Amino acid sequence: IDLAHPSAEQSSPELAPLVSRLQQQNQTIRQQMDALSRQQREFNALTDNMSEGFLLVDSRTDVLSSNHSALYFLGGGEAKPLNNLRRDGCPQQVMSAVEAALAGVRTETVQEIDGISWQIIANPVVSSGQVAGAALLMMDVTEKEQREFLRKEFSANVSHELKTPLTSISGFAELMKEGMVPPDKVKEFAGDIYRESQRLIELVNDIIRLSRLDENDRVEEIEPVDLYDLSDEILANLRPVAERQHVTMTLEGDHAKVQGVWQILNEMVYNLCDNAIKYNRPNGTVRVKVEQKRSEARITVSDTGIGIPYADQNRVFERFYRVDKSHSKASGGTGLGLSIVKHAVQLHRGTIALQSEPGKGTCIRVCFPAK
Ligand code: ADP
């Protein structure tokens with residue numbers, strides 16, 4: 001009889017009970033196989049859709065189970081099949097982590113491959129008191145590492161920026177305290193102290209603004225903000241500054257509305273206009289244009305000022321970046337204005353474009369998607 005497909009009609013009557021048992025057993029086996037392959041499919045679907053890499057090896061480093069991300073990572077950006085870690089070659093740090101796990105020690109390392117930082121966690125797999133293999137988890141932690149790097153760089157910059165004016169203030173005050181400043185110079189020294197402390201206040205205010213923008217979880221009121229009315233108000237506030245610099249300001253366009261946080265949009269437009277005045281030339285102009293297009297609201301601030309050298313154009317949005325430190329210092333810049341602008345734009349899911357010609361002027365355009 002055909003054992004895989006036993007049939008009662010084809011065999012003699014005395015074999016009937018046996019055939020029926022065989023039929024039952026075959027049925028059970030089929031069900032179990034189906035269940036197993038369903039479980040395997042579920043497991044594969046689960047692990048293959050993980051962006052984390054997952055790998056299970058036995059004590060001889062034979063690969064028992066792996067997912068796409070793990071093979072992609074171990075293959076250096078190409079998912080190649082892998083039978084044995086030691087024989088088929090894998091990055092040295094991964095091998096060391098596996099070997100440590102096979103010796104019973106859990107390890108965690110971060111390794112950079114092709115500009116991506118991977119966190120590798122290797123755990124021993126213990127069965128009846130013995131290490132039977134190792135389980136590896138690999139995670140892309142590039143963003144976290146970059147944030148950490150920026151945070152460290154920012155703290156270093158902040159300390160440096162705060163120290164400079166404080167050192168001056170302390171120096172001037174010490175001279176005065178020691179009576180080393182002739183009476184007719186006291187006013188000048190007090191003026192220096194005042195100027196430096198104003199700069200400190202401005203710096204601290206900008207840092208507070210930036211860190212507020214960094215806190216993503218704060219709840220703020222989202223409301224329709226009319227960019228035209230906002231600009232009108234800001235230009236009115238900046239008029240005395242512009243007059244002092246002999247700069248003319250104009251506003252044109254439509255009442256374009258953005259769903260956003262008024263305070264943040266206000267700081268954004270203020271910083272753009274403030275820069276356009278600060279880095280202008282006598283008798284220059286600042287032109288603000290607000291437009292409502294079908295799919296977006298736009299604000300463009302253009303000036304006829306000193307412009308930004310091509311080499312610096314990509315960098316001016318970085319924190320504390322200034323093209324000309326001495327000029328910025330004289331005009332009271334902190335190097336944080338445009339990074340606040342960039343942050344504000346990102347927060348409102350907008351885009352920012354800078355166009356500048358040294359000696360001619362600068363034009364910055366921010367576009368927000370219509371609500
Ligand atoms: P700051 O407080 O120094 O103005 P920002 O972050 O606002 O800092 O700007 C960074 C640098 O970019 C400035 O120091 C300046 O050199 C340059 N910059 C910004 N806006 C303009 C502009 N409209 N025209 C020329 N240069 C500009």
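**Helix packing and ligand contacts**

Helix α7 (residues 227–244) and α8 cross at roughly 40°, their axes coming within 10 Å. This is a predicted model: local features need pLDDT of at least 70, side-chain atom pairs count only at pLDDT 80 or more, and totals for chains, interfaces and linings use all residues. Residues are numbered from 1 along each chain as its sequence is written, and side-chain values use heavy atoms, leaving out hydrogens and water.

Conventions for the helices:

- Helices are DSSP runs (H or I, at least four residues), numbered from the N terminus.
- Axes are lines fitted to C-alpha atoms over the stretch in contact, and angles run from 0 to 180 degrees between N-to-C directions.

**α7 and α8**

- α7 passes α8 in a right-handed crossing (the near helix is turned clockwise from the far one by less than a right angle; anticlockwise is left-handed).
- Contact (heavy atoms within 4.5 Å) involves Leu230, Ser231, Glu233, Ile234, Leu235, Leu238, Val241 and Ala242 of α7.
- From α8 come Trp262, Leu265, Asn266, Val269, Tyr270, Cys273, Asp274 and Ile277.
- By class, this contact of α7 with α8 has 12 nonpolar, two polar and two charged residues. Ala, Val, Leu, Ile, Met, Phe, Trp, Tyr, Cys and Pro count as nonpolar, Asp, Glu, Lys and Arg as charged, and the others, Gly among them, as polar.

**α8 and α10**

- Helix α8 (residues 262–278) and helix α10 (residues 337–347) cross at roughly 140°, with axes that come within 9 Å.
- That angle makes α8 oblique to α10. Under 35 degrees counts as roughly parallel, over 145 as roughly antiparallel, 65 to 115 as roughly perpendicular and the rest as oblique.
- The α8 and α10 crossing is left-handed.
- α8 contributes Ile264, Glu267, Met268, Asn271, Leu272 and Asn275 to the contact. α10 contributes Gly337, Leu338, Ile340, Val341, Ala344, Val345 and Leu347.
- The contact of α8 with α10 has nine nonpolar, three polar and one charged residues.

**α5 and α6**

- Helix α5 (residues 142–177) packs on helix α6 (residues 186–214) at about 160°, with axes 9 Å apart.
- This makes α5 roughly antiparallel to α6.
- α5 passes α6 in a left-handed crossing.
- Their contact residues divide into 19 nonpolar, two polar and four charged.

**Ligand**

- 19 residues surround the ligand (a heavy atom within 4 Å); the closest are Asn275, Tyr279, Asp303, Thr334 and Leu338.
- An N or O atom in the side chain of Asn275 is 2.8 Å from a ligand oxygen atom.
- For Tyr279, a polar side-chain atom lies 2.7 Å from an oxygen atom of the ligand.
- A polar side-chain atom of Thr362 lies 3.3 Å from a ligand nitrogen atom.

Technical notes: Helix = DSSP H or I, 4+ residues; strand = E, 2+ residues; numbered from the N terminus. Polar contact = N/O pair within 3.5 Å; in protein donor to acceptor, adjacent residues only side chain to side chain.
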